[in-house]
Amino acid sequence: MSDSGAVNTAGGQPGAAKGQASIPVPPKLVKVFVDGMEVTADSRDNLIEAARRIGVAIPYFCYHPRLSIAGQCRMCLVETSDAPGRLVPGCQVRVKEGLKVVTNSPAVKDNQRGCMEFHLVNHPVDCAICDQSGECKLQDYYMEYDHQPSRIRTYKLNKPKREIFGPLVVYDAERCIMCTRCVRFMDEIAQEPQLAVVERGSHSLISIFPGQPLDSQYSGNTVDICPVGALLNRDFRFQSRVWFVNKSPSVCTGCSNGCNVYVESRGNVAYRLLPRRNEEVNQVWMCDHGRLTYHETNDKRVEWARTGRGEHAASVGPRIAVDRAVELLMPLAGQGGVGVAISAQCTNEEAAAAFQLGAQLRAQRFFFCEKPPGDSDDFLIRADKNPNANGVKLVAEAFGMKLEDISQIDGVKALVAMRTDGLPLEKLARLEVFVAIAQNEDASTAEADVVLPCESVYEQDGTLINWYGRLQRTWDSVPAPRGDAAPGWSWAERLLSGLGGTGFRSAAAAFKLLAERSPNLVGLSFDQLSDDGMVLDRLLPWQWPARAPRPLPGAHSVRGPQTTPPGTKVGDEPSGASR
Amino acid sequence: MTEPAPQHDPLALEEDLPSAPMTINLGPSHPAMHGTVRLVVTVDGETITEAIPEIGFLHRGFSKSSENSTWHQVLPYTDRLNYVSPILNNTAYIMGVEKLIGIKCTERAEYLRVVGGEISRICDHLTCIGAIGLELGAYTVFLYAIEARELLWDRIAELTGARVTVSWTRISGVASDMPAGWEQHLRDCLPRVIELTNEIDTLLTNNRIFIDRTRGIGVISGEEAIDWGFTGPCLRATGVNYDVRKAHPYSVYDRMDFEIPLGSRGDTYDRYILRLAEIRQSHRIVIQALDQMPPGPIVTDDWRYALPPKKDVFGSIEGVMAHFKLIMEGIKVPPGEVYVYTEGANGELGFHIVSNGQGKPYAIQVRGPGLPILSALPRLIKGHAVADLIPIFDSINMIGGEVEQ
Amino acid sequence: MSQALVELVREKFPEAVTSWHSHRGDEVITVRRENLVEVIRFLRNDPQTDMKLLRQIAGVDLLTFKSEMTGGGALASIEVPEYDLRKKPHVEPRYYVAYNLYSLTKHHALRVRVDLRSDDVKLPSITSLYRTADWWERYVYDMFGFEFTGHPNLTRLLMYPEFQGHPLRKDYPVRKRQPLVPELDFPDLIRGPGPGPGGAGVPMSQTHVGRHNVDPDAYD
């Protein structure tokens with residue numbers, strides 16, 4: 001199990017905030033009866049989890065398998081043999097040997113219908129403009145449990161709408177059903193208690209503290225767990241309806257933690273990233289910086305191959321660009337001035353192809369470039385902001401080559417760059433030949449003689465190795481083509497065939513070569529890699545990367561007074577001037 | 001003195017002429033090959049010895065498309081199956097979905113479906129009879145039939161909003177009620193339709209040429225017809241009394257008083273006469289349905305299956321959520337498999353529907369009444385002249401849309 | 001009424017009928033493939049059943065029966081452990097063929113089903129019993145690829161002969177393209193001196209230039 005400091009919630013066990021994994025109860029199996037069917041449940045299960053084991057759905061809003069129990073929504077009420085004539089919340093009650101649970105009796109159904117009606121009494125008629133449509137628990141449970149018309153004949157309560165909570169989160173109080181999942185998440189999992197419940201009764205709201213926006217790096221997860229459209233992602237807001245986008249798995253490229261994600265895309269545009277469940281890497285969470293990495297797949301992409309610098313630059317067809325690159329590189333091959341730069345953003349297959357290309361060009365020098373490091377914490381954020389530094393180093397070892405730092409690039413006459421992150425700009429102008437296989441337009445691609453459009457990691461099959469030595473694979477998650485973009489190894493293959501060699505025609509072929517050459521990947525095959533990834537034991541880190549201590553509350557933002565002075569009006573103003 | 005000129009014996013001449021069977025291609029682009037069918041006929045002189053029908057030119061992928069549309073989005077596809085009597089198609093499909101859900105149609109909507117369905121049936125029969133007349137040279141008959149059909153299509157347009165592609169039925173109901181004054185308008189135009197039908201009757205039924213061209217042409221016995229899968233007017237022309245509306249009454253047909261005309265010989269003439277008689281019976285049914293129609297809602301108020309009224313959609317969260325889920329995800333039909341069968345204009349129109357509990361059909365296959373009848377076409381035309389092919393093909397009223405989906 | 005029919009068949013063919021049920025008024029029995037012809041022959045000819053009308057032969061592919069979902073975004077959220085988009089469905093038996101039979105005299109109906117595995121899609125033809133089975137079996141063959149042994153002319157019914165694949169299978173994508181078919185020429189066709197491109201009598205396909213003739217899978 002990885003020691004990322006994350007809270008471990010194996011077994012779907014509900015529990016108090018920090019000590020979720022450390023309840024020293026050994027797992028025990030218990031037999032219960034749900035709707036007359038026998039279930040073998042873990043003794044730590046609550047009734048919802050026990051019913052889930054045989055596919056019986058008990059609806060819930062405020063319960064979350066990884067958060068503490070609130071018991072607030074009353075939607076999961078069921079009948080049990082322990083409490084005849086009463087309904088008990090399925091999220092709170094633990095299983096007991098021989099317990100009989102009934103989830104489809106008239107009383108339970110009436111409660112479900114009534115709960116839905118109460119939740120909807122003050123709910124605004126917002127479906128047409130609410131982003132949560134299509135993935136909203138209220139909608140789904142309404143059709144399932146309460147398909148009745150409204151009975152209210154009066155006005156609904158008005159509350160603040162469109163409250164900016166933080167850089168990524170916007171809050172709509174009218175849609176909020178006060179399940180408090182967001183509050184509990186920030187308290188327990190993100191461990192930055194930036195949200196709280198204010199007011200009471202029907203006027204309750206979720207609120208941030210005065211002077212303290214919701215600027216935690218994990219604020220995006222509150223949007224994921226919000227069952228309704230109260231907390232919404234400002235970055236994704238109004239961009240697309242969720243049933244138009246296709247969900248496809250991949251791995252985040254924001255840092256070396258390699259959180260598993262789903263890329264939601266339509267056509268060749270990626271719309272958002274959602275965390276994908278992987279108990280050993282990121283559970284079901286992801287950080288905000290990672291959520292925004294899909295922008296690099298959309299914005300300022302190199303779409304068409306280009307030859308020439310400055311005013312001679314012209315978009316050309318791929319074959320012409322490859323021919324031009326070969327024409328520029330061929331005379332310099334073997335002369336000793338050729339270098340290959342490989343970015344830590346490349347997949348292993350792209351790195352392998354770059355080494356192969358370098359070998360064909362008889363390049364003596366291989367450089368390692370990367371995005372600059374950032375801050376880290378003890379949960380999901382690593383300082384190394386490149387997804388595959390470990391992988392590129394493994395590939396270099398497999399090819400028996402030494403990697404130099406990119407700043408040592410003086411003396412190189414021709415450079416082939418597999419991805420252009422972190423290339424030193426001022427030294428590029430001194431190159432005679434610069435062929436860049438690049439994903440985004442930036443200052444370095446403007447200096448290139450030939451630019452070949454590279455597919456992003458979210459758009460290609462490949463493998464990445466994270467800081468822990470975990471080999472994870474990515475898929476072609478945005479399948480629609482963007483211009484002439486192709487994976488880096490595909491461009492290398494074309495360059496190689498122009499130079500008289502042969503390259504990889506598929507990611508699986510590249511991986512096969514790596515598996516043959518590297519002792520760490522012996523016996524692995526690309527098509528049989530598991531969806532969850534696997535830890536390469538020989539790459540386990542000798543020491544954990546430097547982790548910043550948890551920031552003290554308020555340590556990283558400008559704060560106002562910690563308490564609200566007496567006499568300050570709180571909550572009545574429609575747009576929350578006191579926040 | 002010269003010898004008399006040798007007599008030319010026509011028959012002797014023909015025996016001397018060398019002849020071989022010839023294969024002719026009819027269609028698919030041929031004015032008489034309705035619904036784009038290709039017939040490759042082998043003729044010996046004028047007599048057809050063999051015929052191979054080839055279909056598929058109108059196959060539009062109804063089954064595959066319906067697997068990728070919600071239950072209501074399939075309705076416009078069903079219009080285009082038997083495009084001459086679309087309300088009957090809509091009704092049959094929706095009855096299948098209602099059977100799977102286990103929901104009943106509202107009473108007023110049942111009567112409305114009967115009215116709309118029988119008007120569609122009259123239109124289909126008029127088209128068929130008009131085509132028979134047209135292709136045998138009786139152009140006036142065609143014009144009379146089209147005039148009658150136009151009157152009815154105008155009524156359908158007023159009722160549903162479209163002349164042909166109506167998509168009018170909904171789960172447990174219909175989409176729109178009769179507009180004000182429509183019932184009287186229909187009652188006023190039906191006598192004209194019957195008048196035109198009677199004109200066609202007087203023009204064709206006792207017409208020597210027509211009888212010569214259709215009597216005894218394309219004969220099939222009842223037993224063989226059943227073996228070939230015939231249903232509807234083509235089967236009843238052979239004398240077999242099978243009409244789904246009487247054998248297994250559905251909707252409110254059990255409250256209607258009407259007869260099933262039967263033929264005796266199973267030839268083209270009987271098929272024509274039968275359709276004429278069925279127009280009159282359908283007229284009877286329409287009048288009775290209009291008389292018996294009760295007031296009431298035209299669709300259920302269960303929001304799992306019918307869209308909420310617009311004032312609820314715009315005014316309440318429940319309404320907008322129901323509307324939303326029904327449109328975007330489709331109506332959730334419980335899993336199961338049914339075969340629903342109704343009396344379409346050409347025979348038993350059936351739908352084999354499989355649902356897996358989701359908002360889209362899992363599989364739909366149409367039992368178009370025309371497919372078995374078309375498969376028997378070679379059997380019907382063998383031994384007849386090429387000129388007989390035309391009335392036979394007209395009389396079976398093969399509609400390409402329902403045969404080829 | 002149809003319930004008695006099911007009892008009769010089960011009595012007569014106890015080992016052939018593997019399951020039976022009734023749903024919304026429709027009676028369905030599932031029989032073994034080996035016994036299909038004799039069961040249907042019995043249903044057709046026996047005076048008690050007299051099912052002389054074969055209404056339809058339908059094929060169904062059960063590959064995505066459990067996994068095809070529309071919506072339910074909140075119900076299929078990341079909290080539910082078993083939700084896995086990449087699970088490839090694998091179902092056995094994958095197909096079934098349903099025969100809808102009817103009796104015009106007794107007014108009872110029955111659906112006879114035969115299950116087929118994904119690797120074994122042969123079953124006997126009943127064209128010897130019903131003449132209408134000819135085209136229905138050709139339709140099912142065309143759309144699903146099941147081979148009806150003993151069929152006099154098992155060719156495609158609706159699709160053209162060069163069509164590749166079987167469209168109603170669930171793994172046939174809705175928007176799949178087909179390879180372009182070169183224009184067929186009839187060798188014994190007599191052409192007139194028409195003004196076609198390339199001169200009289202030259203088939204169009206030889207002069208046709210354009211992107212269509214490029215192999216869409218060609219690299220670059």
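Buried means under 20% relative accessible area and exposed means over 50%, with partly exposed in between; C:Glu147, with a relative accessible area of 36%, is therefore partly exposed. The structure described here is a predicted model.

**Salt bridges**

A search of the whole structure finds 76 salt bridges over all chains. One of them joins the side chain of C:Glu147 to that of C:Lys122, with an N to O distance of 3.6 Å. This pair links distant parts of the chain, since C:Lys122 belongs to strand S6 (residues 122-124) of chain C and C:Glu147 to strand S7 (residues 147-149) of chain C, 25 residues apart. C:Lys122 counts as partly exposed, at 42% relative accessibility. In chain B, salt bridges that share partners join B:Glu118, B:Arg121, B:Arg236, B:Asp243, B:Arg245, B:Glu278 and B:Glu343 into one network.

| Residue | Partner | N to O distance |
|---|---|---|
| B:Lys99 | C:Asp26 | 2.9 Å |
| B:Asp79 | B:Arg80 | 3.7 Å |
| C:Asp119 | C:Arg117 | 3.8 Å |
| C:Lys122 | C:Glu147 | 3.6 Å |

The surroundings of these partners can also be described. B:Asp79 is buried, with a relative accessible area of 1%, whereas B:Arg80 is partly exposed at 36%. In the pair from chain C, C:Asp119 counts as exposed at 63% relative accessibility, while C:Arg117 counts as partly exposed at 43%.

**The interface of chain B and chain C**

The contact between these chains takes 53 residues from chain B and 47 residues from chain C, and the area buried between them is about 4300 Å², of which carbon and sulfur atoms give 56%. Eight salt bridges are found across this interface, and the pair of B:Lys99 and C:Asp26 forms a salt bridge in which the closest N and O atoms are 2.9 Å apart. Between chain B and chain C, 30 residue pairs are in polar contact, counting pairs with both residues at pLDDT 80 or more. On the side of chain B that touches chain C, at least two residues each are supplied by several elements, including helix H4 (86-101), helix H9 (222-228) and strand S7 (347-355) of chain B. The largest share of that side, five residues, comes from S6(B). By residue class, the side of chain B that touches chain C divides into 23 nonpolar, 18 polar and 12 charged residues.

**C:Ser103**

C:Ser103 is found in the loop between strand S4 (95-102) and strand S5 (109-116) of chain C, and it is buried, with a relative accessible area of 0%. A polar atom of the side chain of C:Ser103 lies 3.4 Å from the backbone oxygen of C:Thr49, and the side chain of C:Ser103 also makes a polar contact of 3.2 Å with the side chain of C:Thr105. Leaving aside neighbours within four places in sequence, the residues in contact with C:Ser103 are C:Thr49, C:Asp50, C:Met51, C:Lys52 and C:His108.

**Chain A**

The secondary structure of chain A comes to 14 helices and 24 strands, and buried residues make up 58% of its 579 residues. Among contacts in chain A between residues at least 6 apart in sequence, 66% join residues at least 24 apart. Chain A exposes about 23500 Å², of which carbon and sulfur atoms supply 53%.

A:Asp35 has a positive phi of about 50 degrees although it is not a glycine; A:Asp35 sits in the loop between strand S1 (29-34) and strand S2 (37-42) of chain A. A:Arg74, in the loop between helix H1 (47-53) and strand S3 (77-80) of chain A, has a positive phi near 65 degrees.

Technical notes: Residues are numbered from 1 along each chain as its sequence is written. Chains are lettered from A and ligands numbered from 1 in the order in which they are written. This is a predicted model: local features need pLDDT of at least 70, side-chain atom pairs count only at pLDDT 80 or more; totals for chains, interfaces and linings use all residues. Side-chain values use heavy atoms; hydrogens and water are left out. Contact means heavy atoms within 4.5 Å. Buried area is the accessible area (1.4 Å probe) that two parts lose on being put together, summed over both. A salt bridge is a side-chain nitrogen of Lys or Arg within 4 Å of a carboxyl oxygen of Asp or Glu. A polar contact is a pair of N or O atoms within 3.5 Å; within protein, one must be able to donate a hydrogen and the other to accept it, and residues adjacent in sequence count only if both atoms are side-chain atoms. Helices (H or I, at least four residues) and strands (E, at least two) are DSSP runs, numbered from the N terminus. Ala, Val, Leu, Ile, Met, Phe, Trp, Tyr, Cys and Pro count as nonpolar, Asp, Glu, Lys and Arg as charged, and the others, Gly among them, as polar. Buried means under 20% relative accessible area, exposed over 50%, partly exposed in between (1.4 Å probe, protein chains only). Accessible areas come from the Shrake-Rupley method with a 1.4 Å probe; for residues, only the protein chains shown count as cover.
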